[in-house]
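User: Could we go through the barrel and the cavities of this structure?

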Amino acid sequence: MIEVRQKVFRISTKSTSYLFRILPTGHLENLHYGRLLAWQDFQGLYMKQNAGVGSSVLYEEGGYTLDLLPLEYSFNGKGDFREMPLEIKMPDGSYVCDFQYESHEILEGTLPMEEMPTAKGEEAETLVVHLSDRLFLLKMMLIYTVFPDCDVITRRAVIENRSDQPVEILKFMSMQLDLLMDHPEVLTLSGGWIREAKKERHRLPVGSFLQESRTGGSSNRHNPGLLLMEKNATEDFGKVYGFNLLYSGNHRSVVEKTSHGLVRVHQGVSPHNFCWMLESGETFRTPEAVMTVSMEGMNGVSHHFHDFINRHIISREFQYKERPVLMNNWEATFFDFNERKILSLAREAKKLGVELFVLDDGWFGERNSDKAGLGDYWENRKKLPSGIKGLAEKINAMGLRFGLWFEPEMVNEDSDLYRNHPEYALRVPGRTPSKGRNQLVLDLNRKEVQDYIIKEVSHLLESCDISYVKWDMNRHMSDVYSGAVNHQGMAFHGYILGLYRVMKTLTERFPKVLFESCSSGGNRFDLGMLSYMPQVWASDNTDPISRLTIQEGLSYFYPLSTMEAHVSESPHQQTLRKTPLETRFHVASFGVLGYELELTHLNLKEKEEVKKQIAWYKKYRSLMQFGRFYRFDRVRENRVNFQVVSEDRKQTVQGFFQKMQEPSPPFDVMPFKGLTNENTYVVRTREASMDIEAFGSLLKHVMPIKLSPGGLILRNARKFYRLPHNVEEYTVKGDLLSEGLRLHQQFMGTGYQKDTRMLGDFGSQLMVGEMKEER
Ligand code: DGJ
């Protein structure tokens with residue numbers, strides 16, 4: 001809800017308020033962002049400046065110093081010396097500007113942009129504050145959209161050049177938030193390929209903290225999500241602010257702390273290599289930034305983000321729609337496949353309960369390695385004699401849906417596309433372009449390139465029944481020079497606008513196709529991509545122990561329904577770690593489940609196990625994809641717990657994951673969150689079984705006959721027997737569950753027993769709780 005009284009603006013959500021006021025000079029002073037506040041005389045929140053500060057600049061005689069005010073948006077050159085959200089070369093060549101309040105309007109719903117995605121929602125409300133510069137005919141709009149149901153406010157800014165001369169925008173942040181905080185800390189996600197989304201928590205010194213991507217994409221190096229909190233905030237307690245950006249390109253977040261205890265946050269397009277020429281009569285709009293605040297710790301903020309994404313970012317077609325269990329051939333075959341191989345994998349997948357088969361890279365042109373073919377999207381008839389259409393029909397006839405991989409933004413020099421259109425690639429005239437994964441980046445600033453992509457992808461989607469597209473993008477950008485822009489400082493942002501035009505056209509043309517964003521895994525996990533593609537391949541790293549970090553990191557900002565997670569082979573491709581099949585599934589089940597391994601290599605027992613996994617996942621799928629997700633503050637670094645709770649609080653699943661086994665490990669207590677205290681729940685372990693191989697030569701102690709651990713008999717026995725373990729069941733009230741279940745002891749050299757928790761290194765268990773219907 002948005003209200004304005006006596007020059008004070010109050011934006012309220014279910015449990016938060018955002019307040020600012022118009023100062024006598026026309027600047028906007030932020031008064032509050034936090035708990036819900038009733039209307040009252042807000043003077044108690046005004047900043048008091050009744051004792052001058054030495055060398056400060058007064059905005060005007062007898063007035064205040066801007067440097068010591070929490071401001072809604074700041075302007076350069078008038079005495080505010082903190083980070084500036086806007087740097088603009090004015091018509092007079094100076095960098096000084098000064099925008100003041102002129103008017104405002106309140107609109108129902110959101111205010112969508114044509115060129116970039118915005119959050120959706122009829123019940124939203126939008127406040128537009130109009131400002132104008134004192135000297136030149138430049139207009140500015142600060143736009144606030146409120147989504148009361150999930151405690152989110154979005155922000156963006158617009159500049160309109162009504163003067164008769166061009167201006168150069170060198171930096172233009174989507175939002176500014178000035179707060180008063182004593183000991184601020186930030187939490188961000190950093191990383192790289194196969195090590196995405198590692199959370200980093202830092203205490204802020206006086207000075208600036210900068211989190212920025214300069215790779216051309218939102219990047220695996222620095223995700224745009226950011227949390228800001230006081231130092232004592234935990235997963236469940238304390239005031240925590242959350243920020244994110246609907247943008248898939250270079251971005252910047254800055255948090256600056258001053259020695260007066262003021263903290264400034266900016267988010268927006270990175271000013272790195274950015275210069276936007278705004279001609280007379282033109283308008284520039286920033287991407288939309290997302291803000292939220294919770295008094296209930298980091299889980300509280302994550303819940304706001306999760307609801308916001310599921311309700312207001314994901315396209316209507318896929319909102320709360322259960323995502324299919326898929327099988328992807330990539331790690332099973334890489335480029336080495338033919339139709340027979342694909343069909344045999346699909347048949348096996350179908351038997352195990354998979355719903356969608358995805359054909360990954362290598363199906364087109366001369367694409368037999370990553371050195372050639374990108375750009376030539378016609379099927380390779382040597383591999384696929386009946387083409388994509390024929391293959392799709394055969395897979396559909398098995399009762400499976402069919403999905404296809406593309407990497408439309410890229411080109412190999414060894415491709416017909418490049419031979420015919422070398423000008424389509426980003427490259428600086430006269431310089432040899434640098435490659436990544438042997439490929440160049442297409443210049444999406446060019447309309448003809450956008451149209452080529454739309455045409456190629458549409459052609460395939462129209463030609464047969466393809467219900468899913470994996471949209472890959474496998475390199476960071478270099479040699480960014482475009483023949484299609486007035487100024488090279490426009491090329492990075494122009495690329496993203498081009499990409500959004502392509503995505504918008506395709507998703508409107510094929511609204512029922514489920515698009516999955518991928519960029520060598522999670523190199524472009526952001527709200528911009530999610531606006532068009534409801535799920536993202538979270539990482540090429542499917543090792544469950546690595547995935548615990550990755551999926552937990554992502555969960556700070558993104559719901560489980562957006563994280564594609566696969567069960568793959570062990571030892572793992574990227575870490576050589578050997579992990580139990582059970583744990584690979586348990587981790588992947590906290591996300592959108594898929595399989596990506598040579599299914600024909602599984603033994604009978606493993607196949608049975610996978611079949612049970614998929615059946616279990618389908619039963620609890622809505623809970624695992626859309627349930628309320630909880631993280632836990634670590635009691636011991638070695639253990640990770642994840643929990644989901646259904647909206648009606650009748651069902652819950654908690655995962656317990658152990659990294660390395662400790663000898664004689666301490667007792668494990670499993671507290672549950674988010675349940676009702678007074679109701680009774682039956683909580684039991686998901687049926688679990690272990691490979692007898694885990695015991696190695698120890699088997700000789702429990703077997704009546706002596707068998708060699710690597711011998712034929714045991715190798716064969718593995719195919720037919722697995723040992724049940726870890727059987728626990730309780731019927732208890734929610735209050736006890738929130739206190740914590742004291743679990744069975746773990747194995748400690750005591751021999752095999754089915755109710756011992758035989759977890760070992762990388763072991764795990766799922767506890768499933770269901771509310772008992774009271775008679
Ligand atoms: C990178 C992706 O992350 C992988 O899953 C796979 O699709 C390869 N590209 C194919 O080249």
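This is a predicted model: local features need pLDDT of at least 70, side-chain atom pairs count only at pLDDT 80 or more; totals for chains, interfaces and linings use all residues.

Analyst: Residues are numbered from 1 along each chain as its sequence is written, and side-chain values use heavy atoms, without hydrogens and water.

User: In what order do the strands close into a barrel?

Analyst: The order is β21-β22-β23-β26-β27-β28-β29-β30, eight strands with parallel pairing. Strands are DSSP runs of E with at least two residues, helices runs of H or I with at least four; two strands pair if DSSP finds at least two bridges between them. On average, neighbouring strands are turned by 30 degrees against each other, direction ignored.

User: Which helices pack on the sheet?

Analyst: Among them, helix α7 (residues 491–509) touches β26 and β27, its direction making about 170 degrees with that of β26. Helix α9 (residues 544–555) touches β28 and β29, at about 165 degrees to β29. Contact means heavy atoms within 4.5 Å; axes are lines fitted to C-alpha atoms, for helices over the stretch in contact, and angles run from 0 to 180 degrees between N-to-C directions.

User: And what joins β27 to β28?

Analyst: Two bridges do; Ser517 has Val536 in β28 as its bridge partner.

User: Changing topic, how many cavities of 30 Å³ or more are there?

Analyst: The search finds six, where a cavity is a set of points on a 1 Å grid over the protein atoms alone where a 1.4 Å probe fits but cannot get out.

User: Which residues line the largest one?

Analyst: The lining, meaning residues with an atom within 4 Å of a point, includes Glu196, Asn220, Phe525 and Leu554.

Key:
On a 1 Å grid over the protein atoms alone, a cavity is a set of points where a 1.4 Å probe fits but cannot get out, and a pocket is an open set with protein on both sides within 12 Å along at least five of seven lines; lining residues have an atom within 4 Å of a point. Grid points are joined across faces, edges and corners, and a volume is the space filled by probe spheres set on the points.
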